[in-house]
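Please keep the sequence and the 3D view at hand while reading.

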Amino acid sequence: MKELIQVLAVGRTRTVYQCPDKPDWLIKIENRHALLSVGKVSLFLRGLIHRLLPFYSENARELRIYKKLVFSLQGYIPEYEETLVDTDKGLGLACRQVLDDNGQLSKTLGDYLTDSEISADTLRPQLERFFQTLFSKSLYFFDFNPNNFLIQINGGNPTLRFIDLKGYRKDRALLPLSYLSSSLAKRKMQRRIERLYKRINL
């Protein structure tokens with residue numbers, strides 16, 4: 001069992017820890033929401049179900065998606081461990097860190113654009129190649145936001161990486177018609193891309 005101590009990032013649904021025995025790896029742990037402190041009861045119930053039935057957890061789902069898409073998205077996504085890892089915080093999803101030339105964790109797309117004061121236009125060709133890869137291989141994601149991407153400084157150049165596979169074929173609509181039609185899924189993903197472009201002023 002791995003003992004997790006150093007927190008790298010805290011999100012709404014997961015906390016990211018430094019892997020204790022692999023300095024260039026991290027472990028994602030699903031947050032244990034208390035019923036009184038969480039904003040939505042659904043988050044509490046989802047967390048409870050995931051602890052009781054690990055197969056249905058977000059981490060387990062993301063690992064299954066990784067194994068399915070690893071070759072299709074090679075060069076865009078980091079390496080994952082083949083199985084969930086046992087930790088003192090519960091089952092975790094381990095993946096290799098995305099690091100810049102200086103050994104520091106790469107910034108999210110949003111932070112990179114804010115801190116570097118570089119126009120998003122400089123990253124447009126990489127974003128368009130990534131999205132074209134998704135369309136050409138019929139890989140439909142419905143959750144794109146600036147925190148789902150990292151900009152890795154690799155050889156001095158900014159390089160796009162994608163770090164959140166949970167949005168693959170995950171339609172939260174009341175009537176998830178995108179599950180039934182590739183055409184509808186394609187149109188929905190295009191809308192999500194346009195929403196991302198608006199957020200980063202593209």
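A nonpolar core is a set of buried Ala, Val, Leu, Ile, Met, Phe, Trp, Tyr and Cys residues joined through side-chain atoms within 4.5 Å, where buried means under 20% relative accessible area with a 1.4 Å probe and protein chains only. The model is predicted, so local features need pLDDT of at least 70 and side-chain atom pairs count only at pLDDT 80 or more, while totals for chains, interfaces and linings use all residues. Residues are numbered from 1 along each chain as its sequence is written, and side-chain values use heavy atoms, with hydrogens and water left out.

The largest nonpolar core has 40 residues, and Phe130, Phe131, Phe141, Phe144 and Phe149 have the most contacts inside it. Helices (H or I, at least four residues) and strands (E, at least two) are DSSP runs, numbered from the N terminus; among those giving two or more residues to this core are helix H3 (109–116) and strand E7 (149–154). A second, separate core of eight residues includes Trp25, Ile27, Ile29 and Val85.

Within H3, the buried residues are Leu109, Tyr112 and Leu113. These cover an arc of only 95° around the axis (taken from the directions from the helix axis to the C-beta atoms), which puts them on the same side of H3. They pack against E6, E7 and E8.

| Class | Residues in the lining |
|---|---|
| Nonpolar | 11 residues |
| Polar | nine residues |

Notes. Buried means under 20% relative accessible area, exposed over 50%, partly exposed in between (1.4 Å probe, protein chains only). Ala, Val, Leu, Ile, Met, Phe, Trp, Tyr, Cys and Pro count as nonpolar, Asp, Glu, Lys and Arg as charged, and the others, Gly among them, as polar. Contact means heavy atoms within 4.5 Å.
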